[in-house]
Amino acid sequence: MSIRTLNPNAEVLNKSGALHMNINAAKGLQDVLKSNLGPVGTNKMLVSGTGDIKLTKDGNTLLKEMQIQNPTAIMIARTAVAQDDISGDGTTSTVIFIGELMKQSERYIDEGMHPRVLVDGFEIAKRATLQFLEKFKTPVVMGEEPDKEILEMVARTTLRTKLYEALADQLTKIVVNAVLCVRKPEEPIDLFMVEIMHMRHKFDVDTRLVEGLVLDHGSRHPDMKRRAENCYILTCNVSLEYEKSEINAGFYYSNAEQREAMVAAERRSVDDRVRKIIELKNKVCAGSDKNFVVINQKGIDPPSLDLLARAGIVALRRAKRRNMERLVLACGGEAVNSVDDLTPDSLGWAGLVHEHVLGEEKYTFIEEVKHPHSCTILIKGPNDHIIAQIKDAVRDGLRSVKNTIEDEAVVLGAGAFEVAARQHLINEVKKSVKGRAQLGIQAFADALLVVPKTLADNSGLDTQDVIISLTGEHDNGNVVGLNQHSGEPIDPQMEGIFDNYAVKRQILNSGPVIASQLLLVDEVIRAGRNMRKLT
Amino acid sequence: MRELITFQVGSYANFIGSHFWNFQDELLGLFEDTQADLVYKNQNLDMDVLYRTGETQQGMPTYTPRLISVDFQGCLGSMSSRGTLYNQNQSVSSGVATWTGGVSTQAAEPHKKNLFLQRLYDEGRDIVATGNGVNKVSGESQTEILDTDVVKSLEDDVQYWTDYAKVHYHPQSLFELNGLWMNAQEFNNFGIGRDTVSEGLQGDEINERLRFFIEECDHVQGIQFMVDDSGGFSGAAASLLENIVDEYSNVPVLLYSVRSPNAQNNLTNRKQVISSNLHDAVSFSTLSSLCKLIVPVGLPSLSQSRASQLLNLHDEKPYHSSAVYASAIHSISLPFRMKRIGATGESSNGCGAMNLYEGIQMLAGQARQNIVTILDSAIPAPSITGRQFQQSLLGNLQSLTPETAHDVEDLQAIESMIVHGAHGAGDHEASISEVKEAVETAYENASTRPRFSHISVSRCPLPIPLPFPSIFGNRVGRRGEWLSSPILDSPERRGSLDIHSIPMVARLRSSTAVLPFLENRLGNIRKFGLERGSIGSNLLRGWGFGREEIEEIGENLSKMILALDPQQEYSSDSD
């Protein structure tokens, strides 16, 4: 081998070695993740050497936690994580689909077939399946008022694979309402406008949707109100702290007035800004019991806080940048960058602003807003790993609702699509193709069945029985999925099990591409390392 | 109050930081200890500058560093990423409340605590058990693990920086980067690091933690940022600094770009050498453009350098070398924390207080606007009596910044020096005025004087905490004094059991002596990155730098050189 003459240390794997390395890596990764799939999969609890606990059933989280080193496995993992980035779910499905494509191919390759032929078949099968998906999907009309029921079904399907049923059902309503809250007609949905906040407090079932915002900080002055009703909200990005260095810092005073005078002299410009805010407060609140809350992205130093507190204003400093946007959407008004153009029109409104203290953590709730276009999902749980798990689930739930609204379509779940697509490939597509590419289509079609198979496997059912009864029903023209408890075929439409169209399409697009690339590798060269020892 | 926030990004930065916080913890302990020397009582330092006061959910008060540390996942050894104070009962047996189906548990083998941590842990438990007042008894019951055993065990196997940390950290402080899917050796360039942090949610999460600490501050004076710039962490740091520049434009950043003595040892072929040279240039140029003052720290062979003439250490142990740098960085940070007393800011315990902004203004804000400074130090500092000090003080200050020129005559130099705990006649602590006078005489006698120099003095020496490595040679005395002859019956390396404190001198210097450092980086980016058909441009493209960006880096570097040395011709449009 010529590479040896160039670099005697180079490690070379020949054709079958390279192929088997890839296939084994793909199968290995599939083995790790497959028990996650579906509503009866196993939850994984990862306990680190220091006793830290991570709890997850999400393929995406799990892949990131694993310190994967094998180059093939990394390629697959990257694809799967990209899947999550693009469509918000389907990480586990991508990994097991790629693994299954490799496993099916292995059979044919061991019988002497050239990978190129299989790859050609994959390509045909992929295109045909995507076309079939277009026909198979269930269109959903998203008018002015989207069909809440279907959105809830999609969200429930996703959430039930991550959390136990009662909690999943509770969260379903929350995520659907959250997405509908931030949705604006004719605009893409910006899920960042849903704030996800957590409190280590009470129980998971206390998780709720706050129409308005929850900030993870409070006012920094003892005299400011902890609870205020009927509030004007000023959202601003104005520095209210003295910024020049105090080169000649020491100054003396003998009484309060004198001190006042000196502070004022040193900090005139800051005070002017504060005063303008107070003027506006006096203007809008005069003679009423209304309150005034300032939420600033920049800092507010103690003297400014003092002035504001004395004027009866509640002020919060260093708000998140994103909350500036969210506040305006939730309360109305506009974010102000300078105090020169303060008008009552720039103020927002909230019926109730109150603070909640947990140890050293403070939370400020801004609630009872008028027409919220931003909201907060407040996750509660007794410990960090439960919170983290709910958070992951909520993110996936939100994405699934958003996808549905944007796709204007859903796909029947519980394995129904996979079985239907498989039957379509075998019965129609395969016959229309001549030659050995048929085998590639066959492999692809069989690989699709990995989803129902794994679902059955995770429920402790007999895989063969399940596949036979499902394909039988499909051949009779009934589109059915798998009931994970009984093993009987069910109608996913009746049960309300729907998957995202975007997720399915993405899996079908990316899975075969990576599998084909891996199959076509016929030599692996690497200098100075032993690949066989990896993993 | 003028708060400082500390960042430690990368493994070596965390090694240094761990020592740094041990010093602070030791000072705090000595301040409360009734039997400690009076200088510690009157140390005149405001610890609230670096620490925050908090409270756990159970209502227990806490005092923890205002710190954000970023490292690889798994680099925390036996410490939990949530720190030690805010521990809730994270028992596995509590079950999985969020799932009714099966649960499979993957438990890693628990990390064994070394003797030092074991003892800390036991002591902590005893204090809780015996209540607050009566911990004398518990101290005596802990004789099973001896100091000597602890020191020996640390000498032999420190693997993680947490192995010798005696500080409690806040749960928001320790951040682990995950999902890298590569081993540490491959995380070796600017591009990878920047992508890791800027893509996905990890960067956001770190920025959120910074916001958590800044929101608490009434008047933040600045950020001291240590980054291990030998690998991908410099890219990660650049990404974090970009956010700081954006969000907190008025908060000055003092950046220490640190690297361990053996950072460059494993370069085997030419390609790796080029890659590492380019990385250095790119990383330095980018980082320097995102901070107000940058101090490169880390000699390629510290143990052989003049900086460690009284020390005896192993380059291959980060535990050793990081202690040296941490000592110097501790000294530099003192003026930012001294309490200002009276109009002149002088007292019998310290003088020369300044805040970070003033310090940066002084070094980088004047005439030449040079933001690259050299860190010099004398560990330990010589005694100030007699002519010895006055002649040798400046001579004994050795650079910890790599690639600097010696014996440069720079009339425009600006220096800021801190002397603390210096000894006077008869090895007693020298008074503030004695030290000031001695330093002034030293400057007067020097052949070239800097254009401007600032001096801060404190009487409080550097206390040597128990987990400090044994790196002193046998010519250093119990209180850090220089001995004229080596102690014969002592081990070759002396550590915390033999030496209790040392006097220190450290200095930040803006001088043309740093030119070789800059020129090397400019040379490399020109040779490998900019020349037509050069090997590096592909590499740089992979890191996300197009042709224009590389040119910008070159220009940035040549501008820095021009600022220091206007005579030299470094025009960048040579082609």
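**Surface, folds and backbone**

Author: Chain B exposes about 23300 Å², and carbon and sulfur atoms supply 47% of that area (accessible areas come from the Shrake-Rupley method with a 1.4 Å probe, and for residues only the protein chains shown count as cover). This is a predicted model, in which local features need pLDDT of at least 70 and side-chain atom pairs count only at pLDDT 80 or more, while totals for chains, interfaces and linings use all residues. Residues are numbered from 1 along each chain as its sequence is written, chains are lettered from A and ligands numbered from 1 in the order in which they are written, and side-chain values use heavy atoms, with hydrogens and water left out.

Reader: And what does the accessible surface of chain A come to?
Author: For chain A the figure is about 22500 Å², of which 49% belongs to carbon and sulfur atoms.

Reader: How many of the residues in chain B are buried?
Author: Buried residues, meaning those under 20% relative accessible area, with exposed being over 50% and partly exposed in between (1.4 Å probe, protein chains only), make up 59% of the 575 residues in chain B. In chain A, 58% of the 535 residues count as buried.

Reader: Switching topic, how many helices and strands does chain B have?
Author: Chain B comes to 16 helices and 17 strands, where helices (H or I, at least four residues) and strands (E, at least two) are DSSP runs numbered from the N terminus. Chain A, for its part, has 19 helices and 19 strands.

Reader: Which peptide bond in chain B is cis?
Author: A cis bond joins Ile379(B) and Pro380(B), with omega at about -10°, and Pro380(B) sits in the loop between strand S11 (374-378) and helix H12 (386-396) of chain B.

Reader: Why mention that at all?
Author: Because most peptide bonds are trans, and most residues other than glycine have a negative phi.

Reader: Then which residue in a strand of chain A has a positive phi?
Author: Asn230(A), which is not a glycine, has a positive phi of about 50°, and it lies in strand S8 (residues 227-236) of chain A. Asn230(A) has a relative accessible area of 29%, so it counts as partly exposed.

Reader: What about Glu368(A), and is it buried or exposed?
Author: Phi of Glu368(A) is also positive, near 55°, and its place is the loop between strand S13 (361-367) and strand S14 (375-381) of chain A. Glu368(A) is exposed because its relative accessible area is 52%.
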